[in-house]
Every structure is written in structure tokens, then in C-alpha cells.
Amino acid sequence: MRKPLPRRLAVVREGKALIYIPDPRGAVAGGRFEPAWLEVFYNPLMEVNRDFSVMLASILLSEMKGRYGLRVLDAHGGTGVRGIRYLLEAGAEEAIINDISGEAAALAHLNARLNGVSDRVRVTVADANALMYRLKRETPTPIALIDVDPYGSPAPFLHASLDLAGHGAVVAATATDLAVLEGSRPWKAWRRYMVKVERTPAAREVAVRALLGFMARVAAVFDKGIEPIISIYSRHFVRVIVRVYRGAGRADKSLARVKPAYYCKNMGIVAFTPDCEGEAVEIGPLWAGALGDADVASKVWSLALETPYLGSGRHVARIASLLASEYPLSDGTIYYSIAGIASSLKKSMPSRKAVIDELKSMGYRAVETHFSPEGFRTDAPPRVVADVIARLSPTN
Ligand SMILES: C[S@@+](CC[C@H](N)C(=O)[O-])C[C@H]1O[C@@H](n2cnc3c(N)ncnc32)[C@H](O)[C@@H]1O
């Protein structure tokens, strides 16, 4: 049921959209702004997530044109900002904007009107899972992009979204339960994602791979496989965007990429091999395949630079350029943290540039990673990496 609008509104501009949000002064206490206290959720810090998603959707939807009706589902719509931006900036033809809250639906309606897209928006008030199962029965044409952006963990919504996704459709999921995925609450990670994780120097990538691994296993339940297009870690969220393919063969192929990983405490390294000076603790299972598609990341990079109205265009471009260089090396590798390795070896840290240059001179591939300013990705095995860091340490 739609409810009344929040009493006091403010307007923000994001991308090409003007969006009414509840007055942010209603969500400040002790000098702190907390988006969850707003009558309808809107987090300005997530603009980079939305800018990235809109640029990516614009690339993917233009590739899907002709094969797919360009309908998107914004399953946790809040103010409707994502769905509206997919229409205004990414070439989507129709958007279903859903939220369990009636106030959110009322605001999404108003925002659709404000942006002149009411005729292409269907606002629904429903539990996202109930809606997705209903759409699966009702929808004659498949939905091209399903965006899952709940509070905290997307896990409770992944069965329905992966079940709904047709062959070649895209599922995008945001996780903000980083403490869980990064291993600070191992039991919760086991319950939510059926994954064994603990805090490690590569926790950020473990978080992304734990979520992808869970998605691959859930997709397999429906005889479907996944292929990551983009995976991003940021300080506030993990965002993964995968293409879904139908077929038992596709399911088996993506399940074969879900593997245990090993945390070698003595060397401060997490890898898909138990190569370790001492005991390696098994974690996972994690997605071990590529984290994304480098061509798509390059296109996002160019598009973000060419799009003048993006609030966080430069930030999006910087992330996308790092992704484009690290994705080709991401199949079967986990980034190495120089700080983590140096601290385990009781050495001081060499510079990242020195380590990368040395590995390249030895014939390995090595690149910076978006996961950490002191991390890098290489195809060199763990012991070689540990040796290089020990050798280049300024303590020597
Ligand atoms: C993180 S906010 C979404 C923010 C929005 N996508 C954006 O980019 O601004 C999560 C939203 O999910 C809604 N929500 C919570 N549980 C839900 C459920 N079971 N089904 C649908 N929506 C739900 C909340 O009311 C809230 O508006």
C-alpha cells in the first residue's frame, strides 16, 4: 500500500536526475548523518555505486538491444533514484521500481513524475522476493537487469533474483555487510553465505569471492551458471554484476570455479594453493574464476571520462582503469598485501612499484589492484612473492 510522502523534502541532482529525498536534517544526531534514519533511504555516499552501475548498464543494455526488451527491475528502490537513472542515462526502456515501504513508493512515484518518466515506470510495494517470484510467473518478456540493493546482505534475495534471471540477463547485487564477508563474524558468514572465512590480509577480495561463490552455488540450484562482468570492493560496499546463463552445463562450468582457498598465516598470504611456509588454513569455498570482463571495464572507464554530468565520474574512471588492468590476471589469483606479508615476515614494507618491477623482471605478470593501495596481483606463486618482498625490504 502506498503511504503519504515524507513531510519535508529536499532535492538533489544525481547524474541526469533530480531526486526528491526526505530532508536530511531529520537524520542527523550528534553531528552524524545516518541514511537509515531517513523516512525513505538515500545515501549520498553510494553515488559512486550508482554512477558506476549506470555507466555499466548503459554499455550492457546497448549490447542487449534487439535481443532483450530493455526492462530493468530496481528491487529495493528507495527513492527510485537507480531505476530512474537507468531510464534517463542507460537506455532502459521500462523500469519496475519496488520497495517494501509505502513511503518509498510514494516518493518513487513523485520522482518519476519530476523526471518525466512516469509512463515508463511501474512502482510496486512488495517484498522483493514475493515480487520476483510473481514476475517470474507473469512476465512474458524477460527482465534485462535485476538490481538487488537491500540493507546489509543481498543473500536473502539471491535465490529469487537468480531464478528470475533469463538466459543472458544481468543480476547486480550490493552487499554492505562487509564485516561478515571479510571474516570478522565467521559464524554469520557461514549462516548467510555458507562460507568459512576469517580475517586475513586479503579480506577485501575474500569478501568479493565469497559473495560470487555463493551466487554461483545458488544459480546452480536453478541449473544456471554465472559469469562476473564487474566486481568491485569499496570502503562502503561490495558490488558484483554477473551475467546469468541457463543450462546444466553452464551451472557445472561455473560451479567448477568455486574452490577452497588457503590462508598461510606465516607468510600473510591467501591463495588458491596451499603453498605455505608452515600450516595453511582452508577457507571458502570462494569463486576462483575471473572477477570481471576487462573489455567492459575499459568501456566503463572511457564512458565515465566522457560523461560530464557524473558526480563521481573521475572516481568511477579511476576504479574502472584499475579493474581493466587487473581482471585479465584475476582467474585463480588473489591479491597480495605487501603490508600483510611484510608484517608476517617481520620485515618493513618495500614499495609496491619496486615489488611489481622486480616480479616483471623475473618474467611474471604483475599489476596494481583496486582492492588496496598497497596490494598487487601477480601470477607468481606465493613463495616467490614472499621471497621478493623479504629481499626488497628496506630492513635488509
Ligand atoms: C539500501 S536501500 C536502497 C537504496 C536505493 N537502491 C538507492 O540506491 O538509493 C534498501 C531499501 O530496501 C527496502 N527494503 C527492505 N526490505 C525489503 C524487502 N524485503 N523487499 C523490498 N524492499 C525492501 C528498504 O525500504 C530500503 O528502501
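Me: How do β8 and β9 pair, parallel or antiparallel?
Reply: Strand β8 (residues 145-148) and strand β9 (residues 170-175) run in the parallel sense, joined over 4 bridges. Two strands count as paired if DSSP finds at least two bridges between them, and the strands (E, at least two residues) and helices (H or I, at least four) are DSSP runs numbered from the N terminus. Bear in mind that this is a predicted model: local features need pLDDT of at least 70, side-chain atom pairs count only at pLDDT 80 or more, and totals for chains, interfaces and linings use all residues. Residues are numbered from 1 along each chain as its sequence is written.

Me: Which residue is the bridge partner of L145 in β9?
Reply: That's V170.

Me: What order do the strands of that sheet come in?
Reply: It's an open sheet of 7 strands, β7-β6-β5-β8-β9-β11-β10, with mixed pairing. At the edges are β7 (121-125) and β10 (224-233), each pairing on one side only. Ignoring direction, neighbouring strands are turned by 15° against each other on average; axes here are lines fitted to C-alpha atoms (for helices over the stretch in contact), and angles run from 0 to 180 degrees between N-to-C directions.

Me: Which strands does α8 lie across?
Reply: Helix α8 (residues 203-221) lies across β9, β10 and β11 (238-246), and runs at about 160° to β10. For contact, the C-beta atoms of two residues, placed from the backbone, must lie within 7 Å.

Me: Where does K346 sit?
Reply: K346 is in the loop between α12 (338-344) and α13 (352-361). K346 has a positive phi too, about 55°, although it is not a glycine. With 9 other C-beta atoms within 10 Å, K346 is exposed.

Me: Switching topic: where's the cis peptide bond involving P285?
Reply: It runs from G284 to P285, with omega near 5°. P285 is in strand β14 (residues 280-287).

Me: OK, ligand next. Which residues come nearest to it?
Reply: H76, G78, I100, A128 and D149, out of 20 residues around the ligand. A residue counts as near if its C-beta atom, placed from the backbone, lies within 6 Å of the molecule. The elements giving two or more residues to that shell are α2 (81-89) and β6 (94-99).

Me: What domains is the chain divided into?
Reply: Domain 1 (9-256) and domain 2 (335-396), with bounds from an automatic or database domain assignment. Their C-alpha centres lie 35 Å apart. The contact takes 5 residues from domain 1 and 6 residues from domain 2.

Me: Last one: what's the strand order in the antiparallel sheet of 3 strands?
Reply: β15-β17-β16, and the sheet is open. β15 (336-337) and β16 (366-368) each have a single partner strand, so one side of each is left without a neighbour in the sheet. β16 pairs with β17 (residues 375-378) over 3 bridges, and A366 has T378 as its bridge partner in β17.

How values were computed
Buried ≥ 20, exposed ≤ 12 C-beta atoms within 10 Å, placed from the backbone.
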